[in-house]
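Subject: Structure for you to look at

Hello,

Here is the structure I said I would pass on. Please open it next to this email; my notes follow below.

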Amino acid sequence: MKWTAEERTTAARVYTQAARKAAEAVALERADDMDAAISVWHSLFGDAFPPAPHRSVQNALTALAAGSVTSAGWPSTTQVAQQVAAPGRSWSRNPQTGAGAAAGPGAAFGHPGE
């Protein structure tokens, strides 16, 4: 069977993504965050790999505030996951009026009063 250029490109993208996830899981294991590593392995292999144990909301929020987020969306207290956990803001304010997100339908998207 001969692959088309599009099939080769797709395969390369899929294998590259899988290799990144595997490297992330190994890095999380080395950083002693086994639950985060398990969540990445599970996202890679599906139900053939057991899911990470459930964690409390407090534990997840603490990890999110302290570290990074894995490619599987699991907060980690380490800095080795694929993306750094950035603090967010759940509202926006209009600097002229001081009104919060309830100022208008567009306010939640950064356009107060629209």
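Leaving aside residues up to four places away in sequence, which residues does Thr-70 touch? Thr-70 touches Glu-24, Leu-28, Ala-36, Ser-39, Val-40, Ala-81 and Gln-82. Contact here means heavy atoms within 4.5 Å.

Before the rest, a note on how to read the model. This is a predicted model, in which local features need pLDDT of at least 70 and side-chain atom pairs count only at pLDDT 80 or more, while totals for chains, interfaces and linings use all residues. Residues are numbered from 1 along each chain as its sequence is written, and side-chain values use heavy atoms, with hydrogens and water left out.

The chain as a whole

The chain has three helices and three strands, and from the N terminus on they run α-α-α-β-β-β. Helices (H or I, at least four residues) and strands (E, at least two) are DSSP runs, numbered from the N terminus. Of the 114 residues, 25% count as buried. Buried means under 20% relative accessible area, exposed means over 50%, and partly exposed is in between (1.4 Å probe, protein chains only). The chain exposes about 7900 Å², and carbon and sulfur atoms supply 58% of that area. Accessible areas come from the Shrake-Rupley method with a 1.4 Å probe, and for residues only the protein chains shown count as cover. Among contacts between residues at least 6 apart in sequence, 28% join residues at least 24 apart.

The core

The largest nonpolar core has nine residues: Ala-25, Leu-28, Ala-36, Ala-37, Val-40, Trp-41, Ala-52, Trp-74 and Ala-81. The elements that give two or more residues to this core are α1 (5-30) and α2 (34-45), and α2 gives the most, with four residues. A nonpolar core is a set of buried Ala, Val, Leu, Ile, Met, Phe, Trp, Tyr and Cys residues joined through side-chain atoms within 4.5 Å.

Leu-28 is one of the core residues. Apart from neighbours within four places in sequence, Leu-28 is in contact with Asp-33, Ala-36, Ala-37, Val-40, Thr-70, Ser-76, Thr-78, Val-80 and Ala-81.

Thr-70 sits in the loop between β1 (68-69) and β2 and counts as buried because its relative accessibility is 2%. A polar atom of the Thr-70 side chain lies 2.9 Å from the backbone nitrogen of Trp-74.

Ser-76 belongs to strand β2 (residues 75-76). Its relative accessibility is 0%, so Ser-76 counts as buried. The side chains of Ser-76 and Thr-78 make a polar contact at 2.8 Å. A polar contact is a pair of N or O atoms within 3.5 Å; within protein, one must be able to donate a hydrogen and the other to accept it, and residues adjacent in sequence count only if both atoms are side-chain atoms. Beyond four places in sequence, Ser-76 touches Leu-28, Asp-33, Ala-36, Ala-63, Gly-67 and Ser-68.

The loops

Is Gln-82 buried, partly exposed or exposed? Gln-82 counts as partly exposed because its relative accessibility is 44%. This residue is in the loop between β2 and β3 (83-84). Gln-82 and Lys-21 are 61 residues apart in sequence, yet 8.5 Å apart in space, C-alpha to C-alpha. Outside four places in sequence, the residues that Gln-82 touches include Arg-20, Lys-21 and Glu-24.

Gln-79 lies in the loop between β2 and β3 as well. From Gln-79 to Leu-28 there are 51 residues in sequence and 9.0 Å in space, C-alpha to C-alpha.

Ala-72 is in the loop between β1 and β2. With neighbours within four places left aside, Ala-72 is in contact with Ser-39, Val-40 and Ser-43.

Asp-32 lies in the loop between α1 and α2. Its phi is near 70°, a positive value in a residue other than glycine. Asp-32 is exposed because its relative accessible area is 62%.

The surface

Met-1, Trp-3, Val-14 and Tyr-15 make a nonpolar surface patch of about 530 Å². Of these, Tyr-15 is in helix α1 and counts as exposed because its relative accessibility is 57%. Like charges are joined within 9 Å, and nonpolar side chains (Val, Leu, Ile, Met, Phe, Trp, Tyr) within 5 Å.

Regards

Methods
Patches are made of residues with over 30% relative accessible area and no salt bridge: like charges are joined within 9 Å, nonpolar side chains (Val, Leu, Ile, Met, Phe, Trp, Tyr) within 5 Å. A salt bridge is a side-chain nitrogen of Lys or Arg within 4 Å of a carboxyl oxygen of Asp or Glu.
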